[in-house]
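Me: Hi! Could you walk me through this one? I'd like to hear about a helix end and then some aromatic rings.

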Amino acid sequence: MNIRLICLTLVAALVAGAGAAAQEGGVDLIAQKPLAPNLAAFPRLAAADGPWQRINQSLAKADARVRDAGEGCHADAVAANIPDGGWQRSVAVVMRGPGYLSLVATDSWYCGGAYPDTNRFALNYDLKTGSPLNWARLLPKALVQTASLDAAGDGTQLGLVASPALTALYLELAKPDSDCTELLQQQELHFMLWPDAAADGVGMEPSGLAHAIEACGPEVTIPEARLRILKADPALVDAIAAGHKAGWFDRAR
């Protein structure tokens, strides 16, 4: 084997080893410039080969969607003579390893109409494959009986899950007052979920609630210990616990 081929083989092995090590620990993210004033961009993975390149491409598309939505909203607000109108977004990195990346976007916008709108959604990825998480493979069947899609304010497609057991768990954790409990029990609730190393559990929040009852559906966390009792995927729960202990998140929750 010639010297050049030996060197190339060693480099490839080092790169592969670095990728494997990063998946076992926290991954490095590169912050991006805001897309517009008060409109945060999603960060990018510092290493962007293979599966991670697919994640970065997905995040770039997400930025493009909200940039377009923000420009349209600004134009509508100007036309409606709303000086404080427009679109705002903040992004929280709630898990950046091991094994999973989870980013939570919080949007608020006022483009005209009776009142401003708000929205929160999570983008969750498996760092080994670059694919969005499939909760049917990570949670017991009793909790994930149906899956559906909904759209965030900027058009981002959100994967939601539902079951009577998941609704009951949400009501137990959220502890809504009697009025909200009654209103929520009248809904067919669908939930977005995200691994949350910052909160040491899986975050959950009902999606698509009517504006009048949005306050009845706050974010809650299924704690690590409860996930183990529920027999969630052990690798997921172990990863969340490791990420929480190591501080592999970029904003306290």
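Reply: Happy to! In this predicted model, helix α4 is followed by K175, whose phi is positive, near 50°.

Me: Switching to rings now. How many aromatic pairs are there?

Reply: The count comes to two aromatic pairs. One is W87 with W109: their ring centres are 4.4 Å apart and their planes are at 10°, under the 30 degrees cut-off, so the pair is stacked.

Me: Where do those two sit?

Reply: W87 is in strand β3 (residues 86-96) and W109 is in strand β4 (residues 100-110), so the pair ties together parts that are 22 residues apart in sequence.

Me: Are they buried or exposed?

Reply: W87 is buried, at 9% relative accessible area. W109 counts as buried too, at 14%.

Me: What about Y170 and F191?

Reply: Y170 and F191 make a tilted aromatic pair, with 5.2 Å from centre to centre and 45° between the planes.

Me: Which parts does that pair tie together?

Reply: Y170 belongs to helix α4 (residues 164-174) and F191 to strand β8 (residues 191-196), so the pair links parts 21 residues apart in sequence. Y170 and F191 are both buried.

Conventions:
Residues numbered from 1 in each chain as written. Predicted model: local features only at pLDDT ≥ 70, side-chain atom pairs only at ≥ 80, totals over all residues. Heavy atoms only, no water. Phe/Tyr/Trp six-rings, centres within 6.5 Å; stacked < 30°, edge-to-face > 60°. Helix = DSSP H or I, 4+ residues; strand = E, 2+ residues; numbered from the N terminus. Buried < 20%, exposed > 50% of the residue type's maximum accessible area, 1.4 Å probe, protein only.
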